[in-house]
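Hi,

Here is the structure I promised to pass on. Have a look at it first, and then read my notes below.

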Amino acid sequence: MSMKVLERLGLDRHPRVVTGAGLKPGTPGQVVVTNPANGEAIAGIRLDDAAAYEKVIAESQEAFKRWREVPAPVRGQVVRAIGDEFRKHKEALGALVTLEVGKILQEGLGEVQETIDIADYAVGLSRTLSGPVLASERAKHRLYEQWLPLGLVGVISAFNFPNAVWAWNSMLAAVCGDVTIWKPSLLAPLTAIASNEIAERVASSMGHRGVFQLIIGTDQEVGERLVADRRVPLISATGSCRMGKRVGEIVARRLGRTLLELGGNNAVIVHKDADIDLAAKSILFAAVGTAGQRCTTTRRLIAHESVVEELTKRLVNAYKQISIGDPLSEKTLVGPLITPAAVEGYFTAIRRAKEEGGTVLIGGERAAGMSKGNYVMPAIVRAPGSNVLPIAMEETFAPILYVFSYRTLEEALALHNSVEQGLSSAIFTDSVRTSEAFLATSGSGSDCGLAYVNLGTSGAEIGGAFGGEKDTGGGRESGSDSWKAYMRRQTVAINYGSELALAQGIRFGE
Ligand code: NAD
């Protein structure tokens with residue numbers, strides 16, 4: 001099965017991909033991609049070293065000099081053609097995402113669709129990039145802002161969105177006139193090779209070689225080199241808070257720019273007047289979808305004391321019906337975790353939750369009947385009466401939902417905002433007053449970058465700016481004015497008169 005998926009994308013013949021008899025785990029300079037659904041090796045990937053890195057930088061710099069001269073709407077036409085090519089390869093790429101990281105096929109396809117959507121969005125953007133014309137205080141002066149291409153953009157991506165995270169960055173960067181250097185997770189290099197080749201092939205065929213670059217290597221050899229490189233003005237990094245703190249520090253030392261999209265610890269508040277049916281369905285998808293491996297996964301449920309029992313009962317019943325298994329099967333709703341280490345992380349969190357007084361209502365064990373692969377049973381853990389459960393303050397990248405109850409909305413909001421991360425948040429209520437308290441313009445409600453009413457925490461649309469506050473890193477990607485991160489702003493003043501007029505009315509030597 002895995003060979004067929006590789007063949008559909010030409011990866012079986014790719015010079016840096018080793019399959020079949022040539023695949024020998026432990027070969028120096030190579031990483032082996034393992035199928036999380038069965039533990040089998042899929043392929044070996046040759047890693048880049050320092051010399052390969054320098055070559056990529058040199059090519060990127062040359063490509064940037066050419067690409068920035070191409071008018072933005074023409075750059076948009078290249079991105080349009082890339083989006084079309086992704087449409088053609090959607091099925092094969094979606095299956096590759098599933099094979100490599102274990103998300104169910106529907107979600108693998110959804111991820112590629114996100115790439116297609118952001119390409120469409122970028123095409124429109126290519127004709128609307130603009131800056132304001134401002135009122136000058138001086139006679140016969142014109143004052144305006146223009147946005148210019150930034151240069152080389154380093155994109156570091158997490159394993160769990162092996163295609164879309166790159167696209168959110170690179171499609172926008174491309175219409176902005178930049179060259180992207182993508183350093184993917186070593187847990188998902190095959191999707192990266194296939195995706196980057198599609199983009200680069202299309203761009204090259206239209207006369208624009210080198211706009212989409214890929215570098216695959218270890219964090220020590222390649223990752224940190226990229227992060228520390230002054231020739232790369234922007235580092236857009238998606239991953240854990242631990243990684244973001246390290247990357248942020250290195251880039252800050254050279255006064256470079258970062259766009260950080262880091263971990264979340266997202267909660268749903270369910271108020272006493274909520275539609276419980278809607279809440280239960282939404283929480284189910286947001287808590288167990290992608291086997292709890294989304295940055296926006298719902299990890300905490302904060303339910304009013306009058307609805308907590310009923311809601312928890314419904315969720316436990318729903319969890320019992322979930323089909324766990326082969327992510328390529330149409331029936332499956334929950335696939336495997338990415339690695340055996342992630343399974344360990346799940347068990348450690350469950351053990352700690354019990355030690356801290358939590359009650360495991362369902363889950364907490366390996367998924368029944370799955371002898372191979374990294375499968376766990378999604379868990380629901382009820383916090384002890386006092387509501388204190390330190391493990392719930394951390395992001396465990398696995399399907400564990402911690403349930404808390406509250407009396408007053410103030411209490412719920414305080415609990416909601418008490419974690420270090422600030423990515424996604426949601427409230428279920430039929431009351432305008434309650435939802436407005438959650439969204440208060442004073443900022444006293446949700447402290448997250450994403451705030452939803454009557455929908456779950458995951459599944460963002462591309463049109464809005466995506467990202468979060470606090471330890472989530474503060475970056476914004478995808479829609480709205482996120483494109484500004486990929487350009488540099490220049491304020492321009494033109495004197496079209498013949499007098500020297502100084503700002504602030506200063507007279508100098510008259
Ligand atoms: P990770 O932090 O282990 O790795 C992410 C990427 O950073 C990988 O490409 C890795 O190789 C690279 N990296 C790590 N250390 C580095 C260093 N010192 N220098 C350069 N590169 C380095 O994360 P992961 O396990 O792949 O992904 C899961 C995490 O990502 C979760 O915390 C999740 O919440 C987060 N995430 C956030 C978003 C978001 O948009 N906010 C999206 C997806 C995932």
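The protein chain carries 55 positive and 56 negative side chains, and the centres of the two sets are 3 Å apart. Here Lys and Arg count as positive and Asp and Glu as negative, with His and the chain ends not counted; each charge is placed at NZ of Lys, CZ of Arg, CG of Asp or CD of Glu.

Please keep in mind that this is a predicted model, where local features need pLDDT of at least 70 and side-chain atom pairs count only at pLDDT 80 or more, while totals for chains, interfaces and linings use all residues. Residues are numbered from 1 along each chain as its sequence is written, and side-chain values use heavy atoms, leaving out hydrogens and water.

On the overall fold, there are 14 helices and 22 strands in the protein chain (DSSP runs numbered from the N terminus: H or I of at least four residues, E of at least two). The C-alpha trace spans about 80 × 65 × 40 Å along its principal axes. Of the 510 residues, 56% are buried (under 20% relative accessible area, 1.4 Å probe, protein chains only).

Best wishes

Technical notes:
Buried means under 20% relative accessible area, exposed over 50%, partly exposed in between (1.4 Å probe, protein chains only).
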